[in-house]
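The following note sets out several points for a colleague who is examining this structure. Each point takes up one feature and may be checked against the coordinates.

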Amino acid sequence: MVHIGNDWDEILGGEFKKDYYLRLRAFLAKEYRSGTVYPDMYDIFNALKYTPYKDVKAVILGQDPYHGPGQAHGLCFSVLPGIVPPPSLKNIYKEIYDEYGTPPPDGGELTRWAKQGVLLLNTVLTVRAGMANSHRGMGWEILTDKIISLLNEREDPIVFMLWGANARQKTALITNPRHLVLTAAHPSPLSAYNGFFGCGHFRKCNEFLAANGKSEIKW
């Protein structure tokens with residue numbers, strides 16, 4: 001069974017015994033045996049491993065993992081060390097530069113954000129090599145919707161950063177007025193100029209955290 005290694009184990013334990021997850025697990029076992037799937041099976045739950053439930057200060061929601069070699073490692077928008085940042089991540093860095101004047105780092109690994117309390121969650125946690133959205137509709141969305149709902153129940157305020165139409169659909173799950181929901185266009189080159197650039201989300205996130213007595217994220 002899944003072992004995350006922090007408070008998510010108890011909070012999500014029941015989900016991993018449900019029929020939908022057992023079906024998903026059987027599907028994944030076949031997929032990993034028969035072809036190339038990203039991320040590595042030991043990295044699937046890295047978003048939860050790096051950011052315990054009690055420590056979540058902000059959530060960035062992606063769609064599904066990168067489907068190219070050596071990219072995905074279980075954190076949305078993040079790539080492994082030594083891999084050139086993909087276009088969407090470059091645009092995220094550009095927005096941070098425009099907001100803070102912080103030069104972009106050389107690499108695209110975002111573990112440093114996760115360790116500060118930013119849950120970098122995709123709605124689907126696995127993908128076939130070279131086939132975007134290939135594991136969509138297989139059960140991951142049920143689990144990740146549950147994760148968002150559990151975070152919504154928290155009394156401690158959280159910032160939800162929802163970029164693009166797919167992420168914005170999750171707004172309905174966030175009903176607790178204690179939380180801040182920020183929506184914008186997706187940072188991909190196809191849509192970044194339609195509302196992602198200039199959204200100010202990174203500064204707005206930190207202003208909200210500071211107003212609620214929390215340490216700001218060092219983007």
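This is a predicted model: local features need pLDDT of at least 70, side-chain atom pairs count only at pLDDT 80 or more; totals for chains, interfaces and linings use all residues.

1. As background, most residues other than glycine have a negative phi.

2. Asn-133 is a further non-glycine residue with a positive phi, here of about 65 degrees. Its place is the loop between strand E4 (127-128) and H6. Asn-133 has a relative accessibility of 28% and therefore counts as partly exposed.

3. The peptide bond that joins Tyr-38 to Pro-39 deserves attention when the backbone is inspected: it is cis, with omega near -5 degrees. Most peptide bonds are trans. Pro-39 is situated in the loop between strand E1 (37-38) and H3.

4. Helix H6 covers residues 140-152, which is 13 residues. From its first C-alpha to its last it reaches 18 Å, close to the 18 Å expected at 1.5 Å a residue. Its buried residues are Trp-140, Leu-143, Thr-144, Ile-147, Ile-148, Leu-150, Leu-151 and Asn-152. An α-helix has 3.6 residues a turn, so residues three or four places apart point the same way. The partners of the buried H6 residues include both helices and strands: H1 (8-12), H2 (19-34) and H3 (46-50) on the one hand, and E2 (58-62), E3 (118-122) and E5 (159-163) on the other.

5. The packing of H2 with H6 may be taken next. The two helices meet at an angle of about 130 degrees, and their axes are 9 Å apart. That angle makes H2 oblique to H6. On the H2 side the contact is formed by Tyr-20, Tyr-21, Leu-24 and Leu-28, and on the H6 side by Trp-140, Ile-142 and Leu-143. By class, this contact has 7 nonpolar residues, with no polar and no charged ones.

6. Glu-15 is in the loop between H1 and H2. With a relative accessible area of 6%, Glu-15 is buried. Leaving aside residues up to four places away in sequence, Glu-15 touches Tyr-20, Tyr-21, Leu-143 and Lys-146. Among these, Tyr-20, Tyr-21 and Leu-143 also take part in the contact of H2 with H6.

7. Ile-92, Glu-95, Ile-96, Glu-99 and Tyr-100 of H4 meet His-201, Phe-202, Arg-203 and Asn-206 of H8. The residues of this contact divide into 4 nonpolar, 2 polar and 3 charged.

8. How many aromatic pairs does the structure hold? There are 13. In one of them, Trp-8 and Tyr-53 have ring centres 5.2 Å apart and planes at 85 degrees, so the pair is edge-to-face. Trp-8 lies in helix H1 and Tyr-53 in the loop between H3 and E2, 45 residues apart, so that the pair links distant parts of the chain. Both Trp-8 and Tyr-53 are buried.

9. Trp-163 and Phe-196 make up an edge-to-face pair, with 5.1 Å from centre to centre and 75 degrees between the planes. This pair also links distant parts of the chain: Trp-163 is in strand E5, and Phe-196 is in the loop between strand E6 (180-184) and H8, 33 residues apart. Trp-163 counts as buried because its relative accessibility is 1%, and Phe-196 is buried with a relative accessible area of 0%.

10. Finally, Gly-82 lies in the loop between E2 and H4. At 81% relative accessibility, Gly-82 counts as exposed. Its C-alpha atom is separated by 34 Å from that of Thr-171, which is 89 residues away along the chain.

Conventions
Residues are numbered from 1 along each chain as its sequence is written. Side-chain values use heavy atoms; hydrogens and water are left out. Helices (H or I, at least four residues) and strands (E, at least two) are DSSP runs, numbered from the N terminus. The expected span of a helix is 1.5 Å times one less than its number of residues. Buried means under 20% relative accessible area, exposed over 50%, partly exposed in between (1.4 Å probe, protein chains only). Contact means heavy atoms within 4.5 Å. Axes are lines fitted to C-alpha atoms, for helices over the stretch in contact, and angles run from 0 to 180 degrees between N-to-C directions. Angles under 35 degrees count as roughly parallel, over 145 as roughly antiparallel, 65 to 115 as roughly perpendicular and the rest as oblique. Ala, Val, Leu, Ile, Met, Phe, Trp, Tyr, Cys and Pro count as nonpolar, Asp, Glu, Lys and Arg as charged, and the others, Gly among them, as polar. Rings of Phe, Tyr and Trp (its six-membered ring) pair if their centres lie within 6.5 Å; planes under 30 degrees apart count as stacked, over 60 as edge-to-face and the rest as tilted.
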